[in-house]
Each structure stands twice: as structure tokens, then as C-alpha cells.
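Grab your viewer and work through these exercises with the model open. Try each task before reading its solution.

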Amino acid sequence: MKYKLLVLDVDGTLVNSKKELSAQTLTTLLKIQHAGIRIVLASGRSPYGLRHLVEKLEMKKWGGYILPYNGTQIVDAGSGEVLFEKRIDPAMLPYLEKKAQKNGFAIFTYHQNQLITTDPENKHIQDEAALNGMEIVAVENLSEAVDFSPSKCVLVSDNETALVTLKDQWRKRLAGVLDVYRSESFFLEVVPKFVDKGNTLGVLIEKLKISTEEVMAIGDGRRDFSMLQLAGLGIAMGNAQDSIKACADYITESNDNDGVAIAVQKFIIAAVRPADIPPDKLNAGNRNTLMGNLGIQYTYASSGRIEAVMPVDERTRQPFGVLHGGATLALAETVAGMGSMLICEPDEIIAGMQVSGNHISSAHEGDTVRAVGTIIHKGRSSHVWNVDVFTSTNKLISSIRVVNSVLKKR
């Protein structure tokens with residue numbers, strides 16, 4: 001596979017204008033993770049604010065990463081371990097707060113599940129807290145209340161001209177100490193020096209020992225520019241700013257028209273052959289499932305052919321020591337189900353419809369059986385698979401027919 005890492009901005013890119021993850025986008029991203037591609041969420045949101053997306057995308061299972069606060073951290077989605085971070089020296093907070101007060105700006109920062117601010121009634125701050133699912137903590141003096149090194153601080157005002165003026169002043173005065181940028185017309189964000197999505201993505205790429213050519217990145221805003229430039233393939237959303245579209249390699253549909261799913265289908269799924277998918281990646285999804293409990297392991301995957309093995313042991317045998325017919329059927333359905341999933345379209349799901357088997361012989365405890373599934377009919381609404389199950393000595397013990405229904409994801 002050409003790409004090993006898919007890096008996604010969140011707001012304006014991954015989620016639609018209602019801040020929702022569409023069914024088509026979710027299905028598409030789950031599918032490529034089965035193929036061994038890791039997902040990285042690079043967002044201005046806090047780690048706490050990304051938790052629901054991490055859960056929906058099953059990133060803990062598949063080994064994804066998050067780059068919160070526009071790149072001030074790299075967090076392993078599976079373990080929660082912070083692999084890299086930069087923070088603001090708390091000694092800078094009195095200066096930042098004094099400037100905010102002088103200009104009549106609100107100011108806030110993040111800490112775990114809390115948004116700490118001097119102006120809890122500010123609509124933009126309330127919206128930010130709601131977006132991240134965070135509790136607002138009101139304080140009179142931010143620099144005195146904050147006893148930790150923040151990842152970023154944000155000044156808030158509807159006076160855009162005043163924010164731009166302060167941004168220009170600080171870019172000269174704070175150069176080499178802190179970086180400032182406007183993420184929204186009403187936000188002026190202050191982050192540690194040299195922090196942006198591109199620089200932090202570069203750190204992650206180095207840690208993973210992959211090349212930039214193996215990275216695909218999708219975004220829509222100014223803070224996405226650096227990561228789109230770094231990636232081997234940088235894609236701008238249809239709703240992106242014109243300056244971002246100009247620097248991108250490709251422009252997809254908008255976030256309200258499943259632009260991420262469309263781009264992933266075009267550049268990843270369409271180019272992936274099932275035989276390219278490492279079996280260990282397929283097996284990773286079996287943990288804590290019926291397949292995992294029965295010890296089923298995939299050994300081969302190609303277009304129209306799937307193979308898997310299963311031990312004959314206390315989990316799969318009958319009381320008198322031979323393979324249980326129900327376990328054999330479960331093995332066959334598992335193989336056929338995975339085979340159909342690999343060849344269906346991103347907006348389709350698979351549901352088992354019928355299984356019928358002929359048990360010809362038996363396998364005894366201590367053996368390992370092998371299932372070979374081959375597709376014999378690939379229709380628009382159904383797939384029909386033949387699954388033959390053999391002992392370790394290649395004796396045929398069962399021949400099973402599995403019919404899967406192909407449904408459109410709603």
C-alpha cells in the first residue's frame with residue numbers, strides 16, 4: 001500500500017457543519033484501518049474534546065494518534081501516552097493576561113476536562129467549551145489560578161482589527177519565545193514556539209520511521225497548510241479557503257458532502273488490493289470477539305479468496321473430543337464475512353443471510369483446521385461463498401455455503 005498514515009483535520013474536514021461524523025465517512029475510515037492504515041487526528045481541539053471521535057473511529061484498537069491543540073502534543077490513542085509535547089512557560093501568563101485586559105479581550109486556557117477563563121459568559125468561549133464537552137471554570141485572575149504549564153492560551157474578541165494588531169505586535173515581540181495565530185476571526189491563539197501541525201507531524205513520521213510519501217493529509221484551514229505541504233499527498237476540502245486549495249495536490253468535495261470519504265476511496269481504497277492487507281491487521285480486529293474467543297486467525301486475504309485457521313481445543317470441541325459443528329460454521333461465516341467486507345464499497349455493509357453446511361468427516365482435539373473461502377457469486381445485493389474446511393493433513397471435513405447480504409449504509 002502506498003499510504004500508511006492518513007492525517008485528518010477535524011472541524012471543517014472530518015465532521016460536517018453540524019459537527020457530526022457521517023455514516024459514509026465512518027464506514028470508510030473503519031475499512032482502511034482494517035487494511036493497516038493508521039489514522040491521525042490533527043486538530044485545534046483538546047484531547048478531551050477528541051475522545052468521542054477516537055472512540056467512534058476505533059482508533060484505540062487500530063493504533064491511531066492525535067495531535068491536539070494544533071500540534072502541541074502527540075498522543076497515542078491506544079495507550080493515552082503523550083509521546084511529544086511543548087508547553088507554555090507559566091511565567092508568560094501574567095504578560096498575556098495583562099495584554100488581554102488592556103485590550104478588553106477575554107482569555108482562556110485548557111486543562112484536562114476544564115476550560116479556565118476570566119469571562120465565562122462570553123458566547124465564543126461557551127461554544128468552545130460545548131464543542132469540546134468541557135466544563136467552564138470561571139476565575140478572576142487567570143495567571144494566578146493556573147498552576148500548570150498550558151498547551152495553549154486563547155484571547156477572544158469580536159474586534160477583529162484589534163486582534164490582528166496584537167497578533168502583528170506579538171509576532172515581532174514574542175518571536176522565538178511563543179507563536180501566535182488567528183484560528184477564527186474572534187480567536188487569537190498563543191502556543192509554544194515553532195508549534196504547528198506540520199512540524200509535529202514531522203516528529204510523528206520520524207518516530208514511526210515512515211517517509212512523507214507514505215502520508216496523506218486532508219484539511220480546510222490555515223492551520224492545515226503546513227501538514228498538507230509536508231504530506232506526500234495533500235488534499236483540500238471543497239469548503240477550504242482558496243489559499244489552501246491553491247497549495248493542495250487535489251481538491252475533494254466539501255465536509256457536508258463526505259469529502260473525506262470520497263478522497264479516501266479515490267486514493268486509498270481504489271488502489272488497495274486485498275492481498276496487500278497484512279493478516280495481523282485483520283486479526284487485530286478479532287480481539288474480544290467471538291472470533292478471538294474461538295482462536296480464529298486469518299492467514300491469507302485476496303480478492304475473492306480468504307483463508308483462516310482455528311484450533312480444535314476446549315473452546316471448539318465437543319465433550320468427546322472432536323470439532324463441534326457449530327464452531328465449524330462460525331469459522332466459515334467468519335471467513336466469508338471478512339471476504340465480503342474487503343470487496344464491498346465504502347458505503348456498504350455486510351450482513352449474514354444464510355449458511356448451510358455438509359459435515360463430511362471429523363477433526364480431533366489437538367489438531368488445527370484450515371478454512372478456504374472462495375467467492376462464487378458477487379452480485380449487487382448478495383455475495384455467495386463456498387468455504388471448505390480441512391484438517392492439518394488436508395482432509396476435507398466440511399463444505400459450507402454462506403450467503404451474505406450487501407446493504408447500503410444509512
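**Exercise 1. Which residues lie nearest the centre of the largest pocket, and how many residues line it?**

Step 1. The lining has 32 residues, and D11, G12, K19, S183 and E184 lie nearest the centre. A pocket here is an open set of points on a 1 Å grid over the protein atoms alone, where a 1.4 Å probe fits, with protein on both sides within 12 Å along at least five of seven lines; lining residues have an atom within 4 Å of a point.

Step 2. Keep the ground rules in mind: this is a predicted model, where local features need pLDDT of at least 70, side-chain atom pairs count only at pLDDT 80 or more, and totals for chains, interfaces and linings use all residues. Residues are numbered from 1 along each chain as its sequence is written, and side-chain values use heavy atoms, with hydrogens and water left out.

Step 3. The space in this pocket comes to about 730 Å³, a volume being the space filled by probe spheres set on the points, joined across faces, edges and corners.

Step 4. Now the elements: helix 5 (123-132), strand 10 (178-184) and strand 11 (187-192) each put at least two residues into the lining. Helices (H or I, at least four residues) and strands (E, at least two) are DSSP runs numbered from the N terminus. Helix 5 gives the most, with four residues.

Step 5. Sort the lining by class and you get six nonpolar, 11 polar and 15 charged residues. Ala, Val, Leu, Ile, Met, Phe, Trp, Tyr, Cys and Pro count as nonpolar, Asp, Glu, Lys and Arg as charged, and the others, Gly among them, as polar.

**Exercise 2. Is Y181 buried or exposed?**

Step 1. Find Y181 in strand 10.

Step 2. Y181 counts as buried because its relative accessible area is 3%; the cut-offs are under 20% for buried and over 50% for exposed, with partly exposed in between (1.4 Å probe, protein chains only).

Step 3. Leaving out residues up to four places away in sequence, Y181 touches N70, R171, F187, L188, E189, V191 and R223, contact meaning heavy atoms within 4.5 Å.

**Exercise 3. Which residues of helix 1 meet helix 11?**

Step 1. Q24, T25, T28, L29 and I32 of helix 1 meet V260, A261 and V264 of helix 11.

Step 2. By class, that contact has five nonpolar, three polar and no charged residues.

Step 3. Within helix 11, G259, V260, A261, A263 and V264 are buried. Besides helix 1, these pack against strand 1 (5-8), strand 12 (215-219) and strand 13 (233-236).
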